[in-house]
Amino acid sequence: MEHSLKSIVTIESIGRSMIIKIGELAKISGCSVQTIRHYDKEQLLSAKIRSDGNFRLYDQADIERLLFIKHCRSLDLSLAEIRQLLSLNDSPMSQCDDVNQMIEQHIEQVERRIADLTQLNKQLKALRLSCNSKRTVEHCGILKQLNEAVSQTN
């Protein structure tokens, strides 16, 4: 039985493969169409085929790749890091040293950010203690300290 790409409306199962348009991929993945197009532009994901109407068409492998990208983004990995992971993932016989090294570097970045955020949290709490809600804005200790900090940097 021959199938024409024209006959694809949203999803068509041909044997075991599923061919879908970008809108359906967005629904399945929970990503916006704009995000999918961005990943396409960044060459993280690409529609291997297009319909006669030039619509991007995606298959099961594309769905899995997008979900992999989405999971990596939830771990705050950069697009460059994800690109590298995808490349390594596409070379299953490669050593995983590069993957381990990348994740180790990412852990170090996260730990630095945690330290920075912890310091920021302490500063904000100290700032909050400099004022209570019973004062007017004119006498607000928070605004006074913020203005003093600006004066000291100029």
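Buried means under 20% relative accessible area, exposed means over 50%, and partly exposed lies in between (1.4 Å probe, protein chains only). This is a predicted model, in which local features need pLDDT of at least 70 and side-chain atom pairs count only at pLDDT 80 or more, while totals for chains, interfaces and linings use all residues. Residues are numbered from 1 along each chain as its sequence is written, and side-chain values use heavy atoms, with hydrogens and water left out.

Start with the charges. Side chains of opposite charge can pair when their charged atoms come close. Here a salt bridge is a side-chain nitrogen of Lys or Arg within 4 Å of a carboxyl oxygen of Asp or Glu. The whole structure holds six salt bridges.

Asp40 and Arg56 form one of them, at 3.0 Å from N to O. This pair links distant parts of the chain: Asp40 sits in helix 2 (residues 33-41), Arg56 in strand 4 (residues 56-58), and 16 residues separate them. Helices (H or I, at least four residues) and strands (E, at least two) are DSSP runs, numbered from the N terminus. Asp40 counts as buried because its relative accessibility is 17%.

Next comes Glu42, whose side chain meets that of Arg83 in a salt bridge (3.1 Å, N to O). Again distant parts of the chain are linked: Glu42 is in the loop between helix 2 and strand 3 (49-50), Arg83 is in helix 4 (residues 79-89), and the two are 41 residues apart. Why does Arg83 count as partly exposed? Its relative accessible area is 32%. Glu42 is also partly exposed, at 27% relative accessibility.

Now move to Arg113. Its salt bridge is with Asp76, and the closest N and O atoms are 2.4 Å apart. Arg113 lies in helix 5 (residues 97-129) and Asp76 in the loop between helix 3 (60-74) and helix 4, so the pair ties together parts 37 residues apart in sequence. Arg113 is partly exposed, with a relative accessible area of 45%. Asp76 is partly exposed at 34%.

Salt bridges also link Lys48, Asp59 and Asp62 in a network.

Lys21 lies over the face of Phe55, 4.3 Å from the ring centre. The criterion is NZ of Lys or CZ of Arg within 6 Å of the ring centre and within 35 degrees of the ring normal.

Finally, the annotation. An unreviewed UniProt entry marks residues 100-127 as "coiled-coil region". UniProt positions follow the numbering used here, feature names are shortened, and annotations may be inferred rather than shown by experiment. In the model, residues 100-127 are 100% helix and 0% strand, with the end C-alpha atoms 40 Å apart.
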